Structures are given as C-alpha cells and as structure tokens.
Amino acid sequence: KEMVIATKNKGKIAEFQQMFAKAGWEVKSLLDYPELPDIEEDGVTFAENAAKKAEVLATHLNQMVIADDSGLVVDALDGRPGVYSARYAGEDKSDTANSEKVLKELVDIPGDDRTARFVCCLAVAKPNRETFFYEGACEGYIAMRATGSNGFGYDPIFYLPELDKTMAQLTAEQKNERSHRAKALKQLLAKKEEWS
Ligand code: ITT
Ligand code: NA
C-alpha cells in the first residue's frame, strides 16, 4: 500500500513516513516525480495552497494524492508568518534565517505575549472529484532563542510549556504524538469513508 504526498519538504516527508509506517503504508513524495513543474503557492489560506498542490499532482498521476500546507502563526505578529512561513526571510533563505527573523521581530515582546501555533492543513484530492480538508494545530510560545536540532523549520524556536522543551528538543516520536501534522493526519484517517 502506498500514499503519495505532494511535498518536496524533507522534514515533512520524514514525518509522514514515520506516521504512515505504523499503518503499514509506504510514502511517496514529489521527490519521486522530478519531472513535475514547480507548483506556485499563491493562495492566501493554507487550504487553498494545499488544494492546489494535491490537485495538480492527482491530475498528473491520475490517482489520489495528499498535500500538506502548514506554517507558524504568531499572535503578536497578527498571524505572520502564516502561509508565508516557508519563505518568510525571502525566497531561498534557510530555516534558520526564517526563525531569526521571527525572533528579531519579537525582541520586545515578553514571554506571556509570545503565544503561537503551528497549523497544518491536509488536502486529499482525486481526479474529477471534490477535495477534502483536514486540519490540526499545536499551541505553544515563541522561545527567546533557538534551542535543539531535531525536526525542521521553526521547531527550534517553538516552545512547549508542558514539556519545558522546544519542538526541536523532542524525539521524532514525541513530535508525532502532538504535532499539528499528526493531529491533521488523525482527522484524515478518522474520516476515511469520506475520501476513500
Ligand atoms: P511543500 O510545499 O513542498 O510541502 P514547503 O516547505 O514549501 O514544502 P509549506 O509551503 O507548507 O511547505 O510551508 C511550510 C513551512 O512552515 C515550512 O517550510 C516550515 O518553515 C514551516 N513548518 C511547517 N511545519 C512545520 C513543523 O512541523 N515544524 C517546523 N516548521 C514547520
Ligand atoms: Na511550499
């Protein structure tokens, strides 16, 4: 059994591989289809971008495809970086540069006001059929500095008070128990009759 995820993000691919392995499913990604042109993410919501990525690949492969559009929503920044999370510091800038930009923008914001959440929207698309959406969120705070080296993206600056650790200090297993992506995937699997 195989699940195709319309993503090029190696961090996401690793997490989906870990989470789907439990169900005995193999994961394929856009890295397995290098012939596909880049999909421009011009949506203003996570759902719009997820739908576009899933629908383009589903049409190309003529099969069911899942896409993940996700990001970091910071309350003190009016929800930024949000849908711009992947390119917040500019096109082709590193995860570290994105995190540093957020830390810099929050330099005068005290701990209690640094509330944030990771959001994940999964879209399930099949050729010639309506697309279904499943969402998950993970609440936390933006740390004062980056800590930890696991995970990817903004994980080193995302602090979880209940564990007194950043997301980048968690093992893959711990992240997959509580992450926005894990919660969205749980919703998706619970609604299998809807999309299968
Ligand atoms: P694809 O579009 O190919 O899936 P992408 O990295 O461009 O890859 P998005 O457009 O959904 O994906 O942007 C999501 C960004 O949000 C991602 O690059 C990270 O910076 C951040 N992000 C998403 N999930 C995260 C997580 O679990 N931990 C840390 N940062 C995350
Ligand atoms: Na993207």
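**Entry 1: aspartate 164**

I looked up aspartate 164 and found it exposed, because 8 other C-beta atoms lie within 10 Å. The cut-offs I used are these: a residue is buried if 20 or more other C-beta atoms lie within 10 Å of its own, exposed if 12 or fewer, and partly exposed in between, with C-beta atoms placed from the backbone. Aspartate 164 sits in the loop between strand 6 (158-160) and strand 7 (165-166). Its phi is near 55 degrees, a positive value in a residue other than glycine.

I noted that this is a predicted model, in which local features need pLDDT of at least 70, side-chain atom pairs count only at pLDDT 80 or more, and totals for chains, interfaces and linings use all residues. Residues are numbered from 1 along each chain as its sequence is written, while chains are lettered from A and ligands numbered from 1 in the order in which they are written.

**Entry 2: the loop between strand 3 and helix 3**

Aspartate 78 is found in the loop between strand 3 and helix 3. I read its phi as near 55 degrees, positive in a residue other than glycine. Aspartate 78 is exposed, with 8 other C-beta atoms within 10 Å. Proline 81 is also placed in the loop between strand 3 and helix 3. The peptide bond leading from arginine 80 to proline 81 is cis, and its omega is near -5 degrees.

**Entry 3: the whole chain**

I counted six helices and seven strands in the protein; helices (H or I, at least four residues) and strands (E, at least two) are DSSP runs, numbered from the N terminus. Their pattern along the sequence is β-α-β-α-β-α-β-β-β-β-α-α-α. The radius of gyration is 17 Å, close to the 16 Å that the globule rule gives for 196 residues, so the protein is as compact as a globular protein of that length. This radius is taken over C-alpha atoms, and the rule is 2.2 Å times the number of residues to the power 0.38. The C-alpha trace spans about 50 × 30 × 25 Å along its principal axes. Of the 196 residues, 36% count as buried.

**Entry 4: helix 2**

Helix 2 (residues 46-61) has 16 residues and reaches 23 Å from its first C-alpha to its last, close to the 22 Å expected at 1.5 Å a residue. The expected span is 1.5 Å times one less than the number of residues. Its buried residues include Phe46, Asn49, Leu57 and Ala58. The buried residues of helix 2 pack against strand 1 (2-5), strand 3, strand 4 (115-125) and strand 5 (132-142); two residues are in contact if their C-beta atoms, placed from the backbone, lie within 7 Å. Just after helix 2, asparagine 62 takes a positive phi of about 55 degrees.

**Entry 5: serine 99**

Serine 99 lies in helix 3. I found serine 99 buried, with 24 other C-beta atoms within 10 Å. Not counting residues up to four places away in sequence, serine 99 touches Ala146, Tyr154, Pro156 and Ile157.

**Entry 6: ligand 1**

Of the 22 residues around ligand 1, Thr7, Asn9, Ser85, Ala86 and Gly153 come nearest; a residue counts as near if its C-beta atom, placed from the backbone, lies within 6 Å. The elements that give two or more residues to this shell are strand 3 (65-74) and helix 3 (95-105). Strand 3 gives the most, with five residues.
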